[in-house]
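Subject: Structure for you to look through

Dear colleague,

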Number of protein chains: 2
Amino acid sequence: MEHIVTMNRAPWINYRPEIKVLDCTIRDGGLMNNHLFDDSVVKSVYQACVAAGIDYMEFGYKGDKKIFAPNKYGSWKFCTEDDIRRIVGENKTPLKISIMADAEKTNYHEDILPREQSVIDLIRVATYIHQIPLAVDMIKDAHNKGYETTVNLMAASLVHENELEEALEIFVGTPVDTIVLVDSFGTFYSEQIRNLSLRYLKAVEGTGKQVGIHTHNNQQLAYSNTIEAIIHGVNMLDATMNGIGRGAGNCPMELLLSFLRNPKFNIRPVLQCIQDYIIPLRDKIEWGYQIPYMITAHFNQHPRAAIELRESDHRDEYVSFYDRCSGVD
Amino acid sequence: MEHIVTMNRAPWINYRPEIKVLDCTIRDGGLMNNHLFDDSVVKSVYQACVAAGIDYMEFGYKGDKKIFAPNKYGSWKFCTEDDIRRIVGENKTPLKISIMADAEKTNYHEDILPREQSVIDLIRVATYIHQIPLAVDMIKDAHNKGYETTVNLMAASLVHENELEEALEIFVGTPVDTIVLVDSFGTFYSEQIRNLSLRYLKAVEGTGKQVGIHTHNNQQLAYSNTIEAIIHGVNMLDATMNGIGRGAGNCPMELLLSFLRNPKFNIRPVLQCIQDYIIPLRDKIEWGYQIPYMITAHFNQHPRAAIELRESDHRDEYVSFYDRCSGVD
């Protein structure tokens with residue numbers, strides 16, 4: 001029995017140098033405030049990421065301005081070169097810069113410049129299962145322009161196993177560098193994450209590609225599921241400052257860095273950024289575990305209804321919300 | 001490889017009938033307010049436990065009135081028969097009633113009545129590693145009086161492995177029914193819980209005794225670590241309404257019941273109790289994840305300093321607190 005064999009060992013006191021951490025504070029947090037962060041906040045997160053030894057920072061989306069009215073959203077819905085350079089200059093740091101390109105919501109042929117004209121390093125293509133062929137074209141486009149790429153298959157909890165096999169095989173056939181396991185609804189628990197991690201890892205075996213993970217905290221499992229994925233070999237980890245993100249938020253960066261033992265990581269700049277810039281955002285934005293988010297996750301549903309409830313006068317009416325989600329009401 | 005074998009199975013959609021749930025809302029939550037709950041709150045928790053199919057409810061401590069001044073604490077520091085009967089009458093329900101007896105803080109020979117004179121079903125003996133012989137006497141006393149018993153070895157993260165082996169062997173030699181793995185500081189992560197669970201389970205193998213678990217949420221791992229323990233065979237699970245408890249609190253009952261599949265459990269009364277009686281307590285008591293609790297857990301320290309920080313004017317000064325805990329300051 002594997003458990004008995006390892007019972008007297010403590011592998012967690014060492015580290016795996018392949019592990020990379022991606023901060024998506026501004027990108028996922030931006031879903032809660034239409035990406036309207038003050039530059040001071042964005043700059044503080046950037047500086048904290050550099051000082052903390054974080055590998056990537058994701059600023060936001062390359063949203064198509066024909067779809068999203070620029071007067072309704074902040075800079076980080078669009079992430080123009082000028083926007084990013086306003087914060088990072090030429091980014092003469094080891095931190096790589098990432099943006100997310102949503103399938104059907106990105107004019108990628110035009111809005112993503114050739115790599116040599118851009119301060120961006122990584123394009124993360126976000127796709128639902130029904131958009132795979134489009135995502136493949138987006139991956140190829142970004143790769144041909146010279147970028148590192150990931151593909152983030154969203155709402156994995158709605159994808160059937162045979163579809164997943166097919167999708168993973170298709171991704172492996174593209175030049176994508178990393179395939180990201182995404183628990184959009186925060187619905188998975190550890191054994192599900194283990195099984196999915198092993199499935200993704202098996203798909204990329206021998207290809208040189210990596211697997212990443214992006215979790216949500218609806219059931220207070222964002223951090224533990226990230227650890228579960230690490231244990232099985234997932235190497236690219238999403239986290240956000242104090243867990244800020246849509247609804248229940250994401251894996252908290254402070255917890256993740258407290259767990260990782262690579263001496264290149266440093267938790268103090270993260271704590272400083274959180275106390276100075278993130279905690280004050282709580283006056284305007286709510287994030288973190290709340291029972292309505294647990295309820296949508298329990299039923300494998302998008303957190304939309306829970307977010308609406310929390311913004312209404314009925315924010316703590318859990319029983320009627322539970323009945324509504326379960327179809328009783 | 002065990003993982004591959006189970007990859008196509010989903011054992012979690014069924015349930016293990018041996019699993020028992022213990023609500024310690026009033027007992028552990030009482031550590032935050034000197035056990036001064038209104039009877040209406042205690043009654044609502046009791047009624048919710050009965051309606052939800054929860055197996056045990058723990059009301060508080062059998063504190064020694066020579067040690068704790070009765071005018072400083074609420075009823076649930078002492079849990080006299082009259083106190084409990086004020087809430088439960090003769091408790092003509094399937095719910096069993098538990099109290100905690102702290103080693104050196106309980107006048108157990110006198111204050112714990114013979115079982116036939118009591119409405120209490122379960123005595124949980126709480127002990128640190130240096131109090132084991134006293135705990136053994138307390139177990140025997142409670143057992144001889146006719147009670148079901150557990151022994152809760154507190155602060156397991158400070159206990160060395162050879163001490164633990166010895167302690168478990170001693171407990172196995174007593175009439176105790178359940179040995180509870182207690183992560184007082186909220187410091188363990190999944191692989192540590194796995195190893196400890198297996199150690200406790202190995203100790204009780206073939207004895208008919210059970211293993212329980214009590215977690216704290218300092219690192220947002222209270223629920224996930226409870227699940228981890230379940231996976232390996234731990235059968236007695238502590239949880240509290242909305243996770244209320246000392247510092248970062250405990251495993252949230254609403255999450256635990258949403259995970260357990262035994263049809264005897266019902267989540268709705270728990271949600272009702274939380275929305276009507278627990279959420280309003282937030283005006284007076286803080287509980288749940290906060291960065292100072294994560295910091296004490298990271299350093300395997302008691303949350304005392306973090307609780308004091310949260311009650312001070314410096315509640316969000318994480319960096320200086322981190323430096324203090326790490327010994328830099």
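In helix α3(A), the residues Val41(A), Ser44(A), Val45(A), Ala48(A), Ala51(A) and Ala52(A) meet Pro269(A), Val270(A), Gln272(A), Cys273(A), Asp276(A) and Tyr277(A) of α11(A), where two residues are in contact if their C-beta atoms, placed from the backbone, lie within 7 Å. Sorted by class, this contact of α3(A) with α11(A) has nine nonpolar, two polar and one charged residues; here Ala, Val, Leu, Ile, Met, Phe, Trp, Tyr, Cys and Pro count as nonpolar, Asp, Glu, Lys and Arg as charged, and the others, Gly among them, as polar.

Before going on, please note that this is a predicted model, in which local features need pLDDT of at least 70 and side-chain atom pairs count only at pLDDT 80 or more, while totals for chains, interfaces and linings use all residues. Residues are numbered from 1 along each chain as its sequence is written, and chains are lettered from A and ligands numbered from 1 in the order in which they are written.

The helices (DSSP runs of H or I, at least four residues, numbered from the N terminus) can also be described by their axes, which are lines fitted to C-alpha atoms over the stretch in contact, with angles running from 0 to 180 degrees between N-to-C directions. The axes of α3 (residues 39-52) and α11 (residues 268-278) of chain A come within 8 Å and cross at roughly 165°. That makes α3(A) roughly antiparallel to α11(A), since angles under 35 degrees count as roughly parallel, over 145 as roughly antiparallel, 65 to 115 as roughly perpendicular and the rest as oblique. The crossing of α3(A) and α11(A) is right-handed, a term used if the near helix is turned clockwise from the far one by less than a right angle, and left-handed if anticlockwise.

A second pair to look at is α8 (residues 190-204) and α9 (residues 222-232) of chain A, whose axes come within 9 Å and cross at roughly 40°. These two helices, α8(A) and α9(A), are therefore oblique to each other, and their crossing is right-handed. Among the residues of α8(A) in this contact are Ile193(A) and Leu201(A), and α9(A) brings residues including Ala229(A) and His232(A). The contact of α8(A) with α9(A) divides into four nonpolar, five polar and two charged residues.

Chain A is assigned domain 1 (13-283) and domain 2 (291-326), with bounds that come from an automatic or database domain assignment. Their C-alpha centres lie 26 Å apart, and their contact takes nine residues from domain 1 of chain A and ten residues from domain 2 of chain A.

How are the two chains related? Chain B can be laid on chain A with an RMSD of 0.0 Å by a turn of 180° and a shift of 0.0 Å along the axis, and that is the relation of a two-fold axis; the copies are superposed by least squares on the C-alpha atoms of residues with pLDDT of at least 70 in both. The contact between them takes 35 residues from chain B and 35 residues from chain A, and the side of chain B that touches chain A has 17 nonpolar, ten polar and eight charged residues. Because 100% of the interface residues of chain B are also interface residues in chain A, the copies meet through the same surface.
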